[in-house]
Amino acid sequence: MTPGSRPPVSGNGFMAAALSAPGLAAITFMAGSLMVALSASGGLNGLGSALFNLIFLILIATVWGAIPSVVFGGLVLAAIRRIPWRGPPGVIVYLAGGLVAAGLYLLAGLGVARLSTGAAMLFAPWATPDLWSNNVPEAWGLVASLLLSGGAAGLIYAAFAKRG
């Protein structure tokens with residue numbers, strides 16, 4: 001890559017990263033919720049149903065979140081490609097890009113939910129007013145899981161981009 005040229009795009013890497021982000025968000029959110037529940041109850045009583053719910057949630061989140069993930073991830077990747085880099089962008093750039101894409105998705109979901117809860121259900125079903133109005137701890141867990149999944153997706157893409 002010459003100075004000022006655009007980094008190549010890994011189409012397979014982008015799709016792998018974008019499609020894994022919603023499922024990763026569900027995994028991190030449910031894992032955190034499960035850890036809190038286990039520490040509060042002190043037992044493994046509901047582990048079987050919790051695992052079934054986790055698998056079901058991962059499937060739903062991946063299908064429902066695929067389009068927003070591709071859209072917001074694609075916007076950020078396009079912005080990264082427009083910057084005249086001296087060499088290929090590094091892992092930190094793609095990690096930050098994933099975090100920015102997830103942050104943009106969070107802000108867009110919350111903004112649309114303020115205007116119309118029904119419209120928010122189309123691409124951000126987590127943006128329910130009752131979750132956010134009472135400063136529920138799960139809301140902050142949701143923010144963390146979405147941002148972590150965006151960062152993880154950036155790292156996944158960085159691995160594909162590094163290979164070429």
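Helices here are DSSP runs of H or I with at least four residues, and strands are E runs of at least two, both numbered from the N terminus. With that settled, I placed W64 in helix 2.

**Ground rules.** I am working with a predicted model, where local features need pLDDT of at least 70, side-chain atom pairs count only at pLDDT 80 or more, and totals for chains, interfaces and linings use all residues. Residues are numbered from 1 along each chain as its sequence is written, and side-chain values use heavy atoms, with hydrogens and water left out.

**Overall fold.** I found six helices and zero strands, so my sketch of the elements from the N terminus on reads α-α-α-α-α-α. The protein has 164 residues, and 33% of them count as buried (under 20% relative accessible area; exposed is over 50%, partly exposed in between, with a 1.4 Å probe and protein chains only). I then looked up contacts, meaning heavy atoms within 4.5 Å. Among those between residues at least 6 apart in sequence, 72% join residues at least 24 apart.

**Surface.** The accessible surface comes to about 9500 Å², and 73% of that belongs to carbon and sulfur atoms (Shrake-Rupley method, 1.4 Å probe; for residues, only the protein chains shown count as cover). Back to W64: it counts as partly exposed because its relative accessibility is 39%. Helix 2 (residues 47-82) gives the most to the patch, with four residues.

**Core.** Next I checked the largest nonpolar core, which has 28 residues; Y94, Y105, W126, L146 and Y157 have the most contacts inside it. At least two core residues come from each of helix 1 (11-41), helix 2, helix 3 (91-115) and helix 6. Helix 6 gives the most, with seven. Such a core is a set of buried Ala, Val, Leu, Ile, Met, Phe, Trp, Tyr and Cys residues joined through side-chain atoms within 4.5 Å.

**Helix 3.** Buried residues in helix 3 include Y94, G97, G98, A101 and Y105.

**S145.** I found S145 in helix 6 (residues 137-163). S145 counts as buried because its relative accessibility is 2%. Leaving out residues up to four places away in sequence, S145 touches A25, T28 and F29.
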